[in-house]
Amino acid sequence: MPKRNKIIAVYPGSFDPLTNGHLDIIKKASAMFPEIIIAAANNLNKNHCFSLQDRLSMIKEAVKDIKNVKAAAFDGLVADYLARINSFILIRGLRAVSDFEYEFQMALMNRNLNAKIETIFLMPDLDYTFLSSSLVKEIAILGGKTVKFVPPCVEKKLKLLRKR
Ligand code: ADP
């Protein structure tokens, strides 16, 4: 029988920074697929708070104990990145109906760009449905506690935002 390639699922995003909501999606996906790549976008059009290097190192530290999860950076279109690494599964998180319209549009556009792509939407546990990277950054800048919302390595970096 011909050898099948391992199925790789890609979870792309800004992860500016990674939150416990992202982590919940990553854990759920890692139980479903043999290999997950968390792909941090190097999108020069977006004004990121953390550098690509910082975002990647936070992701790597947070997932270091999950065996089938890796982190990588990518430039350009997600659809092209998937083709380059021979993946056809794209993971996205859906928190609420408000996420749906944008995510639905993105999924259809990605399929249009690369017909092989299937987007799989995962819902986080209820505790994470209100969490977003931008809210967490705002709380940190205004001096609030973010320890419940992000992994410890991200909390350390968020504390530095307060001192900027
Ligand atoms: P992007 O800039 O691509 O939206 P994000 O890092 O904000 O990047 O989000 C990446 C993915 O993770 C998106 O599908 C988003 O809906 C999802 N996501 C973000 N926060 C959460 C959360 N708290 N729970 C579940 N999914 C989430």
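Close-up 1. A polar backbone atom of Gly93 is 2.8 Å from an oxygen atom of the ligand. For Glu103, an N or O atom of the side chain is 3.1 Å from a ligand oxygen. The ligand taken alone exposes 550 Å², of which the protein buries 89% (accessible areas by the Shrake-Rupley method with a 1.4 Å probe). This is a predicted model, in which local features need pLDDT of at least 70 and side-chain atom pairs count only at pLDDT 80 or more, whereas totals for chains, interfaces and linings use all residues. Residues are numbered from 1 along each chain as its sequence is written, and side-chain values use heavy atoms, with hydrogens and water left out.

**Close-up 2. The shell around the ligand.** Of the 17 residues around the ligand, Tyr11, Ser14, Lys46, Gly93 and Leu131 come nearest (a residue is near if one of its heavy atoms lies within 4 Å). Two or more residues of this shell are given by each of β1 (8-13), α1 (20-30), β4 (89-93) and α4 (97-113); helices (H or I, at least four residues) and strands (E, at least two) are DSSP runs numbered from the N terminus. By class, the shell holds seven nonpolar, five polar and five charged residues, with Gly counted as polar.

**Close-up 3. The loop between β1 and α1.** Phe15 is found in this loop and has a positive phi of about 50° although it is not a glycine. Pro17 lies in the loop between β1 and α1 as well. A cis peptide bond, with omega about 0°, joins Asp16 and Pro17.

**Close-up 4. The side chain of Asn68.** Asn68 is located in the loop between α2 (52-62) and β3 (69-74). A polar atom of its side chain lies 2.8 Å from the backbone oxygen of Ser30. The backbone oxygen of Phe33 is 3.0 Å from a polar atom of the Asn68 side chain.

**Close-up 5. The salt bridge of Lys6 and Glu35.** The closest N and O atoms of this salt bridge are 3.8 Å apart; the term denotes a side-chain nitrogen of Lys or Arg within 4 Å of a carboxyl oxygen of Asp or Glu. Lys6 lies in the segment before β1 and Glu35 in strand β2 (residues 35-41), so the pair ties together parts that are 29 residues apart in sequence. The whole structure contains 11 salt bridges.

Key. A polar contact is a pair of N or O atoms within 3.5 Å; within protein, one must be able to donate a hydrogen and the other to accept it, and residues adjacent in sequence count only if both atoms are side-chain atoms.
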